[in-house]
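Here's a quick tour of a two-part model, written for someone who likes the cut-offs spelled out. Have a look at the structure first, then read on.

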Amino acid sequence: MDLASLLLAPAFFAFDLLGLLKSIFVTPFADMAAMPDLLVQTIWEGLVSGVLYALIALGFVLIFKASGVFNFAQGIMVVFAALTLVGFHEKGVPAWLAVFLTLGVMLVLAIAVERVVLRPLVNQPDIILFMATFGLTYVLIGLGEFIFGGEPKQMIAEQLYIPRGPIDVAMLGGRVTFQKIDIAAAVIASVMIIALALFFQYTRIGRALRAVADSHKAALSVGISLNQIWVIVWFAAGIVALITGIMWGARSEVSFGLDIIALKALPVLILGGFTSIPGAIVGGLIIGIGEKLAEFYWGPLVGGGIESWIAYVIALGFLMVRPQGLFGDKIIERI
Amino acid sequence: MKPQQQIETGATLLNVENVSLRFGGVKAITDVSFDIRKGEVRAIIGPNGAGKTSMLNVINGFYHPQDGRITYRGATRSKMRPHVAASQGIARTFQNVALFKGMTTLDNIMVGRTLKMRKSFFWQLFRHGPAMAEEIEHRKFVEEIIDFLEIEHIRKVPVGKLPYGLQKRVELGRALAMEPELLLLDEPMAGMNLEEKEDMCRFILDTKEQYGTTIALIEHDMGVVMDLSDRVVVLEYGIKIADGTPDEVKANQKVIDAYLGVAH
């Protein structure tokens, strides 16, 4: 029997369609109900990677809010910060000092970016600034490889007192394993997110940041120094990058491969809105949990590997319904 | 009519000397000199493209002139910088309204207080201690301005949603929040109806009376200009063609030619 007649046979359709519907809409949920401990485990795993996505997205949001620049280099800044930290430690610098030195490097980077990239490009269209951050990405990759070499490194987790090891909790008639480092990541991320939100909403500098995000010339006219603001946000994004780099590096390893994972921040941002800190968090969690659940329960249907692309599908769906994202600034346009 | 006796009184607040500004081969301003005295309303008028807005941009440091000097509060500079201008008490509004559209009226005007707020950012973060007292004090000042401009009802509205006339008023409010010594208004009445124009005129005059602010304004409505201003400088193609009281300027043949055209 040739392929065409096989596909046209009514029995083929009837049989397969039913089975397909069942394996999409029934079996996964039955599995979830049958083994709730496994469900909790999956959600927890998703939550943790969601927190890390949220951290990366946060770095994007900070810079986008204040300068309207989509900083393509945020991902590589994470790698660069982590590499610098490990690099200092390899040279025999104590861990705590290495953290401070790395912060210093991130500050220098912020100042350099402001001087060399942003200042000469003031008032240029957004796309030009975006391309500039593209260039920055490759400069940082080259610089990183030149100084630290290309091979993956081990994050200095013990020296930074990041707890390791599992905690097993018996629940729901089974056992759920929480990694201590994941708990630490969640806590640190939450603290940082709350601090940043307060900073934006309630401080003079925070208000100035929002003002700069809205209109450069108006901000200038009330005496806000753009250069100062840009250094502040890029430094803040650098701090976020360092913390992300430490947490992520401690879970796997510090390598340029992290940069690819950083692109996951894109669907997170589309989901949460480019200008919203809470959006980055919620978006990160939705993407993180969504892709783990999809991978575990629906992945076998298509032979696995859903995790790498499902985030973009979720984001695409959201884009059609709410183009400004869940929490993004409502687009106000007078016509 | 406005009182005329103020003319010739007041020390020079700002002096612009032989300023020239070029963009490549385009001469925006050529060798213009004029002064602004304390407490006066100084109008800058001229046909489209005469260099009026460029002049304001030079005064508050957005543009840096190639030649000339600017003396403000006794200090002479070859160019201003926006940050310096703002911290020295020069505030401005824009021809096409430049507000922080996503922020409320209140927040917009609060941003005008940025330079006046000095308390440490740590305290601000926790809305506590000295920073709280400071915030309350500034908030009070801002509420006064909101009262003054009669925009209480739109306090919490994102300014992007407001009609144009009100946006212009919020922008004036933000400039006033800086407690400026010199206020630069770029076409404060452009695109307004008669009633809105009358309101704006009243606000400008009250600002001068109540806060003692010196005002430099660009305006196309000649009735408004003649009513409001103490002295008028007239630019055409970047060159100063007249300078004097409204009546003198009105009678100046060059000005009449510039506005009505001249038979060649």
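Which helix of chain B lies across strand S9 and S10 of chain B, and at about what angle to S10(B) does it run? That's helix H10 (residues 253–260) of chain B, lying across S9 (231–236) and S10 and running at about 125° to S10(B). Angles here go from 0 to 180 degrees between N-to-C directions, with axes fitted as lines to C-alpha atoms, for helices over the stretch in contact. Helices (H or I, at least four residues) and strands (E, at least two) are DSSP runs, numbered from the N terminus.

A word on ground rules: this is a predicted model, where local features need pLDDT of at least 70 and side-chain atom pairs count only at 80 or more, while totals for chains, interfaces and linings use all residues. Residues are numbered from 1 along each chain as its sequence is written, and chains are lettered from A and ligands numbered from 1 in the order in which they are written.

Now the sheets of chain B. Strands count as paired if DSSP finds at least two bridges between them.

| Sheet order (chain B) | Strands | Pairing | Average twist, strand to next |
|---|---|---|---|
| S6-S7-S8-S3-S9-S10 | 6 | mixed | 20° |
| S2-S1-S4-S5 | 4 | antiparallel | 15° |

In the open sheet of 6 strands, the edges are S6 (90–92) and S10 (239–244) of chain B, each pairing on one side only. S6(B) runs parallel to S7 (residues 182–186) of chain B, joined by 3 bridges, and Ala91(B) stands opposite Leu183(B) there.

The open sheet of 4 strands has S2 (26–37) and S5 (75–77) of chain B at its edges; each has a single partner strand, so one side of each lacks a neighbour in the sheet. S4 (residues 67–72) of chain B is antiparallel to S5(B), again with 3 bridges, and Ile70(B) faces Arg77(B) in S5(B).

Helix H1 (residues 52–59) of chain B has 7 of its 8 residues buried, so it is largely enclosed by the rest of the structure. Buried means 20 or more other C-beta atoms, placed from the backbone, within 10 Å of a residue's own. Among the buried ones are Met55(B), Leu56(B) and Ile59(B). Gly61(B) follows H1(B), with a positive phi near 90°.

Finally, the contact between chains takes 22 residues from chain A and 29 residues from chain B, where contact means C-beta atoms, placed from the backbone, within 7 Å. H9 (204–214) of chain A is one of the helices supplying at least two residues to that side of chain A, and H9(A) gives the most, with 7 residues.

Methods. Contact = placed C-beta atoms within 7 Å. Buried ≥ 20, exposed ≤ 12 C-beta atoms within 10 Å, placed from the backbone.
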